Amino acid sequence: EITTRLVGSEMCIRDRVNNMEFNKINFSDMETLRKHTRLAHTRNCEYAMVNIFFWNDTDKLMFAVIDDVLVYRLIDAGTAYYSIVEFIEEPAELVMKLEQDAVDNGCRMVLTNMSENMVLRLEREMVGQLRYWYDREYSDYIYEVDDLIRLSGSKYHGKKNHLNKFLNTYAFSYEEITEDNIEECRRMKEEWAVRKGGDIEEYREELDIIDNVLDNYDKFNLIGGLIRIDGKVSAFTIGEAISEDTFVTHFEKADEDIPGHYQAINQQFAANSISGFKYVNREDDIGLPGIRQAKLSYRPVMMFDKYNAEKTIQ
């Protein structure tokens, strides 16, 4: 479990800079990963520390810092997937190094999680050498924090109505998540899963990951907020900064039987806890129509499309 691995923060940190040696990720590497991610000024939620440590197979996901550029690698079923975190002015040389690494491991090379700007750069440098594609279901929804706070204008009329109904109906309080209320959040998300109906095991992977995140809350510099109604936690949300101007929301749970509850936790969190950020990335919709409709209804100011590439057949 990640909790057990994180205890290894006392481990000796090996020199992993500027070589092609890919290493497994440990908690002792977090500051290196976070430093390079911040320098990249990325808005890609895939590079948030919670997603790196908890949503990936950390027995397969590895990293290297090559020529001062952070690169992740995951080898699976004969394919080596590489994610270049930082934008590179002249990426062709690095791509050739990664291709050789893939060959050395008996794999085909696929580049993943690339921004449109990186694709344009590669197209200019490696004309006709790469084939590009992206999956819409993995595109991130990015919003202006101020829009989520104010909900101004006709485009947010419905959201504002739901929020106002909540504000006028319930005597609630908002507070940030701390060690004093984490256990209440843990209980609330189990109650949320039960109220969803059906087989609770359908949600077990996400519930277990939330538990792991809560277990290591302080270690990941997370920011979270919750709503209480009649003294009981009824909604909470958790995320982290990905860059100086962008925050990533990882989890948001609320009692769906309370009208306007999701609008309330979203707006209260934006107003009270992350107003210092310009943007919030609310991650992708994994191709589910209901989630897509909900995320589009908040009117994202941009979508972060994540491109893939592989060598064309010569």
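Which residues form a nonpolar patch on the surface? I looked this up in what is a predicted model, and the patch consists of Ile286, Leu288 and Ile291, with about 240 Å² of accessible area together. I placed leucine 288 in the loop between strand E12 (279-281) and helix H11 (289-296). At 40% relative accessibility, leucine 288 counts as partly exposed.

Then the sheet. I traced seven strands in an open, mixed sheet, ordered E1-E2-E3-E4-E5-E14-E6. E1 (23-24) and E6 (130-134) are the edge strands with a single partner each, so one side of each has no neighbour in the sheet. E6 runs antiparallel to E14 (residues 307-311), and I found five bridges joining them. In that pairing, tyrosine 132 sits opposite alanine 309 of E14. I also checked helix H5 (residues 116-125): it packs on the sheet, touching E5 (108-114), E6 and E14, and its direction makes about 135° with that of E5.

Next, charges. My search of the whole structure gave 28 salt bridges. One of them pairs lysine 306 with aspartate 140, closest N and O atoms 2.7 Å apart. Lysine 306 is in the loop between E13 (302-304) and E14, and aspartate 140 is in E7 (residues 140-144), so the pair ties together parts 166 residues apart in sequence. I noted both residues as buried.

I also looked at arginine 292 and aspartate 285, whose side chains meet in a salt bridge (2.7 Å, N to O). Arginine 292 is partly exposed at 26% relative accessible area, while aspartate 285 is buried at 0%. Last entry: salt bridges with shared partners link Glu183, Arg186, Lys189, Glu190, Arg204, Asp208, Asp211 and Asp215 into one network.

Methods. Residues numbered from 1 in each chain as written. Predicted model: local features only at pLDDT ≥ 70, side-chain atom pairs only at ≥ 80, totals over all residues. Heavy atoms only, no water. Pairing = 2+ DSSP bridges. Helix = DSSP H or I, 4+ residues; strand = E, 2+ residues; numbered from the N terminus. Contact = heavy atoms within 4.5 Å. Axes fitted to C-alpha atoms, helices over the stretch in contact; angles between N-to-C directions. Patch = residues over 30% accessible without salt bridge, like charges linked within 9 Å, V, L, I, M, F, W, Y side chains within 5 Å. Areas by Shrake-Rupley, 256 points an atom, 1.4 Å probe, with all protein chains shown as cover. Salt bridge = Lys/Arg side-chain N within 4 Å of Asp/Glu carboxyl O. Buried < 20%, exposed > 50% of the residue type's maximum accessible area, 1.4 Å probe, protein only.
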